[in-house]
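Subject: Structure handover

Hello,

Here is the structure we spoke about.

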Amino acid sequence: MLLNEKLTNHPVTRAHRVPLTARPMDFVYFSFFASHLIASFLIDLQWLYPSFLVPKPMRALLEYYVEYSNDPLVGGLAGIKDDSTLLWFKTFITLEG
């Protein structure tokens, strides 16, 4: 017997689904992570893809990002910057993928 049944003497019923639009913070979290999926697939995870599967515009986007932000981590993965100490970051990106 569940605690709810003991307290109310009513059987437990299934919770009603509340739409995402009625939960503003959940909607914010969902939007944040959904928008970052695009960046993950186009930029962060590019070093995992075989080079023949990466179209030139996608590679150009990565190079533009590294040039614009001067990001040593993603630049190291892309081979644009020194990547000799990035094993921890490669592991993290692999797990993200």
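What follows is a short account of what was found in the structure.

Confidence comes first. This is a predicted model, with a mean pLDDT of 83 and 85% of residues at 70 or more. Among the elements, helix H1 (residues 3-8) has the lowest mean pLDDT, 54, while H3 has the highest, 92. Where pLDDT is low, predicted coordinates should not be read in detail.

Next, the annotated segment. UniProt, in an unreviewed entry, places a "transmembrane region" at residues 27-49. In the model, that stretch is 70% helix and 0% strand.

Salt bridges were searched for across the whole structure, and 2 were found.

- Arg 23 pairs with Asp 26, with 3.2 Å between the closest N and O atoms. Arg 23 is partly exposed at 33% relative accessible area, and Asp 26 is also partly exposed, at 35%.
- Arg 59 pairs with Glu 63, with 3.1 Å between the closest N and O atoms. These two residues belong to helix H3 (residues 56-69) and are 4 residues apart, so about one helical turn separates them. Arg 59 counts as partly exposed, with 30% relative accessibility; Glu 63 is partly exposed too, at 37%.

The loop between H3 and helix H4 (72-78) holds two residues to look at. Asn 70 is one of the residues in that loop. What is the phi of Asn 70 near? The value is near 55°, which is positive, in a residue other than glycine. Most residues other than glycine have a negative phi.

Asp 71 is found in the H3 to H4 loop as well. Is Asp 71 buried or exposed? Asp 71 has a relative accessible area of 16%, and because buried means under 20%, Asp 71 counts as buried. The side chain of Asp 71 makes a polar contact with the side chain of Tyr 65, at 2.9 Å. Leaving aside residues up to four places away in sequence, Asp 71 touches Tyr 65, Val 66 and Lys 81.

To recap the parts to view: the salt bridge of Arg 23 with Asp 26, the salt bridge of Arg 59 with Glu 63, and the polar contact between Asp 71 and Tyr 65.

Regards

Note on methods: Residues are numbered from 1 along each chain as its sequence is written. This is a predicted model: local features need pLDDT of at least 70, side-chain atom pairs count only at pLDDT 80 or more; totals for chains, interfaces and linings use all residues. Side-chain values use heavy atoms; hydrogens and water are left out. A salt bridge is a side-chain nitrogen of Lys or Arg within 4 Å of a carboxyl oxygen of Asp or Glu. Buried means under 20% relative accessible area, exposed over 50%, partly exposed in between (1.4 Å probe, protein chains only). UniProt positions are given in the numbering used here, feature names are shortened, and annotations may be inferred rather than shown by experiment. pLDDT is the predictor's confidence in each residue, from 0 to 100. A polar contact is a pair of N or O atoms within 3.5 Å; within protein, one must be able to donate a hydrogen and the other to accept it, and residues adjacent in sequence count only if both atoms are side-chain atoms. Contact means heavy atoms within 4.5 Å.
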